[in-house]
Amino acid sequence: MTVYQWLPAVLALHWEWLATLLALAFILLALGQYWLCWVFAMVVAMVHALGALAQESWLLLALNLAYVLIAGSGLWRWGSIRRGARVRQLTVSSNIYLGALLLAMSLVSGFWADYYGLAVHAYAEAFMLWSMLAFLALLAGGYRECWLALLLSEGVAVALALEAGEQHSASLHCFYLSLALAGTGIWARAGVAAPGVERSSRS
């Protein structure tokens, strides 16, 4: 067995537990608007990518590489000032556009996954993945709507886990759901900069 085959296989043995702990650290740091959260986000995405590589799941590998790029963008944006997020808010029109784009991408990718038999609940899983992608992208930009995207993603994840009878997984996603609700409140209390002005909520 080559190193290329051995390393992903070894890491894949406990990658789910490792990714869960790192993801928890990422969310908690993001709640407090600490730039260090993006380091954990990058590691989580890399662990998932290694798991996808070991399973030869190329679509999941590509998705997690996209997560790595977004995490790198967030690290650059937040870490460049070492003061955390610059809290901003989307306009109403931007929210409508983003929502329509999220639904459209979920329908297109869900149809494709369903057509080729890649997922049992193709549309729901596509919506969950695109919502997570929106969460990371909005979080990197410092938009407080990111927590709404996480709420949507985790809400679908809870429903899918319950339908599959995976109680432990459902409990975990419920916990992430509660963190997303907390994030909505915490970032709302942090205040939002006036249009065209960015502010950091951490000193």
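**Entry 1: Ser106**

The model is predicted, so local features need pLDDT of at least 70 and side-chain atom pairs count only at pLDDT 80 or more, while totals for chains, interfaces and linings use all residues. Residues are numbered from 1 along each chain as its sequence is written, and side-chain values use heavy atoms, with hydrogens and water left out.

I located Ser106 in helix α5, residues 92-115. Helices (H or I, at least four residues) and strands (E, at least two) are DSSP runs, numbered from the N terminus. Ser106 counts as buried because its relative accessibility is 5%. The cut-offs are under 20% relative accessible area for buried, over 50% for exposed, and in between for partly exposed, with a 1.4 Å probe and protein chains only. I then listed the contacts (heavy atoms within 4.5 Å). Setting aside neighbours within four places in sequence, Ser106 is in contact with Tyr123, Ala126, Phe127 and Trp130.

**Entry 2: the chain overall**

I counted eight helices and zero strands in the protein chain. Of the 203 residues in the protein chain, 38% are buried. I also noted that, among contacts between residues at least 6 apart in sequence, 69% join residues at least 24 apart.

I found Gln33 in the loop between α2 (15-31) and α3 (37-54). Gln33 is not a glycine, yet it has a positive phi of about 60°. Its relative accessibility is 4%, so Gln33 counts as buried.

I next went to Trp38, which is found in helix α3. Trp38 has 0% relative accessibility and therefore counts as buried. Not counting residues up to four places away in sequence, Trp38 touches Phe26, Ile70, Ala71, Gly74, Leu75, Trp78, Leu136, Leu139 and Ala140. From C-alpha to C-alpha, Trp38 and Ile27 are 9.6 Å apart in space, and they are 11 residues apart in sequence.

**Entry 3: Ser131**

I placed Ser131 in helix α6, residues 122-141. Ser131 counts as buried because its relative accessibility is 0%. With residues up to four places away in sequence not counted, Ser131 touches Leu102, Ala149, Leu152 and Ser153.

**Entry 4: helices α7 and α8**

I examined α7 (residues 146-163) and α8 (residues 167-190), whose axes come within 8 Å and cross at roughly 165°. Axes are lines fitted to C-alpha atoms, for helices over the stretch in contact, and angles run from 0 to 180 degrees between N-to-C directions. The two helices α7 and α8 are therefore roughly antiparallel to each other, a term for angles over 145 degrees. I recorded 16 nonpolar, six polar and one charged among the residues of the contact of α7 with α8. Ala, Val, Leu, Ile, Met, Phe, Trp, Tyr, Cys and Pro count as nonpolar, Asp, Glu, Lys and Arg as charged, and the others, Gly among them, as polar.

Leu177 is partly exposed, because its relative accessible area is 23%. Not counting residues up to four places away in sequence, Leu177 touches Leu151, Glu154 and Gly155. Leu177 and Ser153 are 24 residues apart in sequence and 8.7 Å apart in space, C-alpha to C-alpha.

Note on methods. Angles under 35 degrees count as roughly parallel, over 145 as roughly antiparallel, 65 to 115 as roughly perpendicular and the rest as oblique.
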